[in-house]
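Hi everyone, thanks for coming. I'd like to walk you through one model today, so please have a look at it on the screen.

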Amino acid sequence: MDLTQIRGIAFDVDGVLSPSTISISDDGMPCRMLNVKDGYAIQLAVKKGLRLAIISGGRSQAVEMRYRSLGVKDIYMGAAFKLPIFEQWLAGASLKASEVIFVGDDIPDLHAMRVAGLSVAPADAAPQVREAAGYVSACNGGYGVARDIIERVLTAQGLWMDDEHAFGW
């Protein structure tokens, strides 16, 4: 796929932006770990004009707050069925599926991955998801998958480390 044509990226959270395992607090709430290098790449991608979305089956105010603080405006939590949300995001953002990457790691992500112009999976994604992916990152979920794909897209577009904005938060 020609990464110079990519205008948007949608990410699942659990198993993509966070590892596949989560801690549970004493009150029963899941606690997710998020990657700082992913965060840097996400905020830079937003500044460079890529449209990003978070589409997660989980519900977490902390996750939503984190990605809003990085500039992500399109955050969909509690998305049990991701394809309708993905299609809604495409329409609302005036994006064609062919211009978008969907990054997922498990069965609930497959329908949206099949519609996207490029589907990406972490190295430790479910076998069916790795088989369906157009690109499998060398990174496991929560350990740099977003950084990997964003860096590749921005590099292809000549926007990675191209000016002073790339060197700060």
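This is a predicted model: local features need pLDDT of at least 70, side-chain atom pairs count only at pLDDT 80 or more; totals for chains, interfaces and linings use all residues.

Before I name anything: helices (H or I, at least four residues) and strands (E, at least two) are DSSP runs, numbered from the N terminus. With that in hand, Met161 sits in the segment that follows H6. Its phi is near 55°, a positive value in a residue other than glycine.

Residues are numbered from 1 along each chain as its sequence is written, and side-chain values use heavy atoms, with hydrogens and water left out.

Let's turn to the sheet. In which order do the 6 strands of the open sheet come? The order is E5-E4-E1-E6-E7-E8, and the pairing is parallel. Strand E5 (74–76) and strand E8 (135–136) are at the edges with a single partner strand each, so one side of each has no neighbour in the sheet. For pairing, DSSP has to find at least two bridges between two strands.

Let me go across it with you. E4 and E5 pair in the parallel sense over 3 bridges, and Ala53 has Asp74 in E5 as its bridge partner. E1 and E4 are also parallel, over 4 bridges, with Arg51 in E4 as the bridge partner of Gly8. On to E6: 4 bridges join E1 to E6, and here Gly8 stands opposite Val100. Then E6 and E7 run parallel, joined by 3 bridges, and Ile101 is partnered by Leu118 in E7. Finally, strand E7 (residues 118–121) pairs with E8 over 2 bridges, in the parallel sense, where Ala121 has Val136 as its bridge partner.

How covered are these strands? I'll say buried for under 20% relative accessible area, exposed for over 50%, and partly exposed in between (1.4 Å probe, protein chains only). In E1, Gly8 and Ala10 point one way, Ile9 and Phe11 point the other way, and all are buried. E7 is covered on both faces, with Leu118 and Val120 buried on one side and Ser119 and Ala121 buried on the other. In E4, 4 of its 5 residues are buried.

Next, the helices. Two packed helices are described by the angle between their axes and the distance between the axes. Axes here are lines fitted to C-alpha atoms, for helices over the stretch in contact, and angles run from 0 to 180 degrees between N-to-C directions. Helix H1 (residues 36–47) and helix H6 (residues 145–156) pack at about 35°, with axes 7 Å apart. Who meets whom? Taking contact as heavy atoms within 4.5 Å, Lys37, Asp38, Tyr40, Ala41, Ile42, Leu44 and Ala45 in H1 meet Val145, Ala146, Arg147, Ile150 and Leu154 in H6.

And now the inside. A nonpolar core, as I use it, is a set of buried Ala, Val, Leu, Ile, Met, Phe, Trp, Tyr and Cys residues joined through side-chain atoms within 4.5 Å. Which of the 32 residues in the largest nonpolar core touch the most other members? They are Ile9, Phe11, Ile101 and Ile150. E1, H1, strand E4 (51–55), helix H2 (61–69), E6, E7 and H6 each supply at least two residues of this core. H6 gives the most, with 6 residues. Another core, of 22 residues, lies apart from it, and includes Tyr76, Ala79, Phe86 and Ala112.

Ser18 is in the loop between E1 and strand E2 (23–24). Is Ser18 buried or exposed? Ser18 is buried, with a relative accessible area of 0%. Leaving out residues up to four places away in sequence, Ser18 touches Val13, Arg32, Met33, Leu34, Gly141 and Gly142.

Ser94, in turn, is in the loop between helix H3 (82–92) and E6. Ser94 counts as exposed, at 58% relative accessibility. The phi of Ser94 is near 55°, a positive value in a residue other than glycine. As a reminder, most residues other than glycine have a negative phi. Thanks, and I'm happy to go back to any part of the picture.
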